[in-house]
Amino acid sequence: MKSRHLVVNLLILALIRECSSNQGELYGTCDDSFSCGNISGFKYPFRRHQDPVYCGYPGFELNCDEENPPIINITNINYRVLSIDPTSQILKIMQEDMTDSICPQDPVNTTIDNNLFSHTSKYMNISYLFGCPVSFDSAGYIGSIFCNNNGVDHVFLSYGARGPGSCKTSVILPVPDRFMAPSDLGPFVHQGFEVKWNVGVGPCTDCMQSGGQCMYSNVTSLTTCACPEPPFLADSCLSDNKTRVSSSPSSEKSRLCAKQVSCILRSVIWGQ
């Protein structure tokens, strides 16, 4: 019994020490700007896969490989990032499974999370129709291409977002609004398309201009500011700004630690 209490006491001491860690330790754990793959200029709301989760906004995680373009997953589809314009908040992306083909290898619609991203005005949708019957009436369609996807060779193309109808699958893809004919498809597909990210940069800009680093609070679902000196977590790091962010990575961590300590104590006292 004594040995059990000794172990529990050591666990409690370790948790309390962890809970009391200085909030100032958060400052410097995220990069103001970073490179990913062969592209530089990324900053909050983006983060690398290996970075702490609070370094970026949810949905902006990048997989980085030194020799290849960055990969971002949007609505369960992997996209290559071809370029970034931080000032305009624009990414140019293309579907990863279309890198070496004009046909999507995984026949799912190219969709984006409209809460995070929006298409720019320079694009329109076309539809790939897979698995159409022999008697398929192609009147009104742009034309057809050969894909050789899962045994399906003949694929019809249509302007706009079109359902499968009598075909097995319809896949919607954005292309530049200059698109006219199937012969244009290859260059347009491989140059990617632009999306604008909708996460506001105002709070982050204010934070960085005050000498802080932008972070994300999972509790408030808002951007917070990590500062090198008190207040360690605030709206900004200006000396006259004493408004501490009440829900932050550190405060969330402290509540979790307190809950863990409480559970251990209840276990000791009640034998649960």
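1. A residue is called buried when its relative accessible area is under 20%, exposed when it is over 50%, and partly exposed in between (1.4 Å probe, protein chains only). At 73% relative accessibility, Asn76 therefore counts as exposed.

2. This is a predicted model, in which local features need pLDDT of at least 70, side-chain atom pairs count only at pLDDT 80 or more, and totals for chains, interfaces and linings use all residues. Residues are numbered from 1 along each chain as its sequence is written, and side-chain values use heavy atoms, with hydrogens and water left out.

3. Most residues other than glycine have a negative phi, and most peptide bonds are trans. The next two points list departures from this pattern.

4. Asn76 is not a glycine, yet its phi is positive, about 65°. Asn76 sits in the loop between strand 5 (68-74) and strand 6 (77-85); strands (E, at least two residues) are DSSP runs, numbered from the N terminus. Gln89, also not a glycine, has a positive phi of about 60°. Its place is the loop between strand 6 and strand 7 (90-95), and Gln89 is buried, with a relative accessible area of 12%.

5. The peptide bond from Tyr44 to Pro45 is cis, with omega near 20°. Pro45 belongs to the loop between strand 2 (39-42) and strand 3 (47-48).

6. Seven strands form an open sheet with mixed pairing, in the order 3-4-5-6-7-13-8. Strand 3 and strand 8 (117-119) are the edge strands, each pairing on one side only. Two strands pair if DSSP finds at least two bridges between them. Strand 6 and strand 7 run antiparallel and are joined by six bridges; Val81 has Ile93 in strand 7 as its bridge partner.

Conventions. Helices (H or I, at least four residues) and strands (E, at least two) are DSSP runs, numbered from the N terminus.
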